[in-house]
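Biologist: I would like to learn how to read a structure, one feature at a time. Where do we begin?

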Amino acid sequence: MELVEQVTEGLKGLVGSPWLWVLVVATSGLDALLPFMPSETTVLTVAVLLGPDPAKLVLLAVLAAAGAFAGDCLGYAIGRSAGPHVIARLQRGPSGRRRYEWARTKVGEHATLLIVAGRYLPGGRVASGLATGSLHYPLRRFIPLDAAGAALWAIYAVLIGFAGGAGFADEPAKGLLLSFGLGLALVGAIEFGRRLRLQRISAGLSRSRRQGADGHGER
């Protein structure tokens, strides 16, 4: 609780200063390359501190989304420039070529989920940008998907922060804790849904294999 209060007080001192917006853009962008950057924490805290101020909350969402989008594009560009070296290593030998084909197939099949929803998982943004860039996922597809993902993430973070701030208008530290709890619950639900979906896919593949084996056996 003491640490939360210190963070809240530190950001509270920047409310009303243009440096607050610079901090929002910087942390939102750098989180795509440095997963320890507290982008979501920063946006949540600022939303809590701004309170019911629609104009500033909209500005916060726009700047957070812009920073996130710029950082993701930079990660994609780094992955694309480093891609030839990474791909060359992946394709060494028959097993390496199989791994590369597997990775490329997975990115092709699940790119939307990786780009849009991967940012809600620890290190997801780093993996998304570097993977899509190094495996040459089309830029014309990456840009609209990432723009949508960045916008959804920013709106989600601002709304969660606003909910916490509205619940504890005079106690921003408690509002921040409530926002963290809501955010963790949502991320947990997303991760649970992802695992459940993977289990269903795995079960479906197992049934298909068994049915295929039974069909061959009957022949």
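Biologist: Which residues is Ser39 in contact with, leaving aside neighbours within four places in sequence?

Modeller: Contact means heavy atoms within 4.5 Å. With those neighbours left out, Ser39 is in contact with Thr27, Ser28, Asp31, Arg125 and Trp153. Before going on, note that this is a predicted model, where local features need pLDDT of at least 70 and side-chain atom pairs count only at pLDDT 80 or more, while totals for chains, interfaces and linings use all residues. Residues are numbered from 1 along each chain as its sequence is written, and side-chain values use heavy atoms, with hydrogens and water left out.

Biologist: Is Ser39 buried or exposed?

Modeller: Buried means under 20% relative accessible area, exposed over 50%, and partly exposed in between (1.4 Å probe, protein chains only). Ser39 counts as buried because its relative accessible area is 3%.

Biologist: In which helix does Ser39 lie, and how far does that helix reach?

Modeller: Helices (H or I, at least four residues) and strands (E, at least two) are DSSP runs, numbered from the N terminus. Ser39 lies in helix H3, which covers residues 39-50. The expected span of a helix is 1.5 Å times one less than its number of residues. H3 is mostly covered, with ten of its twelve residues buried; among them are Val43, Leu44 and Val46. Just after H3, Gly51 has a positive phi of about 70 degrees.

Biologist: How many helices and strands does the protein chain have?

Modeller: The protein chain has eight helices and zero strands. Of its 219 residues, 37% count as buried. Among contacts with a separation of 6 or more, 74% are between residues 24 or more positions apart.

Biologist: Which residues have the most contacts inside the largest nonpolar core?

Modeller: A nonpolar core is a set of buried Ala, Val, Leu, Ile, Met, Phe, Trp, Tyr and Cys residues joined through side-chain atoms within 4.5 Å. The largest one has 22 residues, and Val43, Leu60 and Trp153 have the most contacts inside it. H2, H3, helix H4 (54-90) and helix H7 (139-167) each give two or more residues to this core. H7 gives the most, with seven residues. A second, separate core has nine residues, including Tyr76 and Phe142.

Biologist: What does Trp153 touch beyond its neighbours within four places in sequence?

Modeller: Its contacts include Ser28, Ser39, Val43, Ala64 and Tyr120.

Biologist: Which residues make the nonpolar surface patch of about 290 Å²?

Modeller: A patch joins residues with over 30% relative accessible area and no salt bridge: like charges within 9 Å, or nonpolar side chains (Val, Leu, Ile, Met, Phe, Trp, Tyr) within 5 Å. A salt bridge is a side-chain nitrogen of Lys or Arg within 4 Å of a carboxyl oxygen of Asp or Glu. Areas come from the Shrake-Rupley method with a 1.4 Å probe, and for residues only the protein chains shown count as cover. Here Leu30, Leu34 and Phe36 make the patch. Leu30 belongs to helix H2 (residues 18-30) and counts as partly exposed because its relative accessible area is 38%. The buried residues of H2 include Leu20, Trp21 and Val24.
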